[in-house]
Amino acid sequence: MTAISSSCRSGLVRAALLGLGIFQLHGLVEGQEISDSPPPDKFVRRGFARVALIGDYLYIEGGEVSQQVGDQNQQGSRSNYMNSTLSIDMSKSWDAKTVPIRIIDNKISGKPPARSRPAFWTNQQDGSFYVWGGMVSYRKDRVMPKFPELYKFVTDGSGGGKWSIETPSNPDFLRTVYLTELAASAATDETAFIFGGLAGEWTDLTVGWGRTEIATGALAFNMKTKTFEKLGYEETLVGAVAEHIPQFNFGTKKRGVILIMGGYIPEKRVDGNSAIDYSSVSSHLFDNITIFDPETRQMHYQTTTGPTPPGPRREFCLAGFATKEGGYDILLFGGESKREPGIDFRYEDAWILSLPGFVWTKAPNMPTQRRADHHCTPAGKRQVISVGGTAPGWREPDPAPQGLMVFDMPSMTWRFNYDADAGDYESPQVIKDWYKNGLAFLFQSDNKDVY
């Protein structure tokens, strides 16, 4: 499913299907029993969700899930959108085949509509996460706000929490922007940033039927003052992924830096056509990383060394750990490449980018199918949890039980179980050897060291 095939979302098509009495929920006849967290033996695949680790719990929000219904293997079906928020207890070790997944009450006031691929960020200081935009369900009863809304979930410390609509201190600002999907997002301890994305009738009612708008520049949201701000860049960016690195800084306020990787740079369309020709767009490759300074709001660029991940790609996964030596190691894996219209290629590779050397190291491929549209988070002291992924469809059962995979960073090994007692983080030996051999160089920008 492409993010921009708005013709299949036509109200005329939906009306025709309803008139014939054959409308289905992504292939599942309405009224059949489905779950946002199907039992492991009924689970098929999960995708487009976002995840956050807050306290002892991993939260899963949004996206879609496909599953067996009765004895049916979802012949001709796709997936259903999640209406619930899920959580997993991370204070104990678990196996992906048997780990319980809690379904949090979906009738909580302020819960965002069922959405896929939203902008998403956490605020560890108050134990919360935020949802902005995303693609809405195909359902005939889909709910969309008349104007853009920002949603906030405050955790309760026991695997639950409460949703609310976060009203900004400058609410009129929301009438000047579109809700988007496929935007990159990351947050410092104070401000969240949303870079690029696509808007259409499936993300924002005000865009208009059959149109696609490509977001220009970035948005900033101060979580303390609740103020939105538009940053005036001309660049468009779709499907990139961002990661906040707290211990590297350009300025004196110690806001860290945000790395932006991958994605495509389509030209702004002026004819309102909802199609993007991905064979003609430019893309962000991985031999030159974009670095955003949250303090000055300026973009910088840094070349990398070593073999680089092949591209172009979007909807991959990033998660990182600080090192004892003051560096930062980031895992990248999976993603998709839209090299030609209508053809989606999935990656199965994994890489580690180590700072300050900005050196890429190839890690073992994931032991499951190629995948994109997954999300991941660092967990414990040394592991990365990956949730979901499309391959590209929804009918093939995911080899990862319940869509859960675990990557142990120091040993660079994949597994399907999480070790809550794993030791402290150490860079993989191959990265330690690279620095030991004197190949490291200082991360520089404008002839100024950044740490």
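A search of the whole structure turns up one cavity of 30 Å³ or more. On a 1 Å grid over the protein atoms alone, a cavity is a set of points where a 1.4 Å probe fits but cannot get out, while a pocket is an open set with protein on both sides within 12 Å along at least five of seven lines; lining residues have an atom within 4 Å of a point. Grid points are joined across faces, edges and corners, and a volume is the space filled by probe spheres set on the points. Rolling a probe the size of a water molecule over the atoms shows where empty space is left. The model is a predicted one, in which local features need pLDDT of at least 70 and side-chain atom pairs count only at pLDDT 80 or more, although totals for chains, interfaces and linings use all residues. Residues are numbered from 1 along each chain as its sequence is written, and side-chain values use heavy atoms, with hydrogens and water left out.

The largest cavity has a volume of about 30 Å³.

Next come the pockets. The largest pocket has a volume of about 1,000 Å³. It is lined by 40 residues, and Thr122, Glu243, His244, Thr377 and Pro378 are the ones nearest its centre. Several strands contribute: β4 (50–54), β12 (119–123), β17 (184–187), β23 (241–245), β29 (317–322) and β35 (375–379) each give at least two residues to the lining. The lining of the largest pocket splits into 24 nonpolar, twelve polar and four charged residues.

As for the overall build, the protein has two helices and 41 strands. Helices (H or I, at least four residues) and strands (E, at least two) are DSSP runs, numbered from the N terminus. Of the 451 residues, 58% count as buried; buried means under 20% relative accessible area, exposed over 50%, and partly exposed in between (1.4 Å probe, protein chains only). Among contacts (heavy atoms within 4.5 Å) between residues at least 6 apart in sequence, 63% join residues at least 24 apart.

The whole structure holds 22 salt bridges, each one a side-chain nitrogen of Lys or Arg within 4 Å of a carboxyl oxygen of Asp or Glu. One of them pairs Glu181 with Arg117, with the closest N and O atoms 3.1 Å apart. This pair links distant parts of the chain, since Glu181 sits in the loop between β16 (161–165) and β17, and Arg117 in the loop between β11 (115–116) and β12, 64 residues apart. Glu181 has a relative accessible area of 0%, so it counts as buried, and Arg117, at 1%, is buried too. Both belong to a network of salt bridges that also takes in Arg314, Glu336, Arg346 and Asp373.

Another bridge joins the side chains of Asp349 and Arg313 (2.9 Å, N to O). Asp349 lies in the loop between β32 (343–346) and β33 (350–355) and Arg313 in the loop between β28 (298–303) and β29, so the pair ties together parts 36 residues apart in sequence. Asp349 is buried at 7% relative accessible area, and Arg313 is buried at 0%. Glu426 and Lys432 also form a salt bridge, with 2.8 Å between the closest N and O atoms. Here Glu426 is partly exposed at 25%, and Lys432 is partly exposed at 30%.

Tyr425 lies in the loop between β39 (417–418) and α2 (429–436) and, at 6% relative accessibility, is buried. Leaving out residues up to four places away in sequence, Tyr425 touches Phe321, Ala322, Thr323, Lys324, Asp329, Lys381, Arg382, Met409 and Pro410. Its side chain makes a polar contact of 2.7 Å with that of Asp329. A polar contact is a pair of N or O atoms within 3.5 Å; within protein, one must be able to donate a hydrogen and the other to accept it, and residues adjacent in sequence count only if both atoms are side-chain atoms. Arg415, in strand β38 (residues 413–415), is partly exposed at 27%, and its side chain has a polar contact of 3.3 Å with that of Thr413.

Key:
Nonpolar A, V, L, I, M, F, W, Y, C, P; charged D, E, K, R; others polar.
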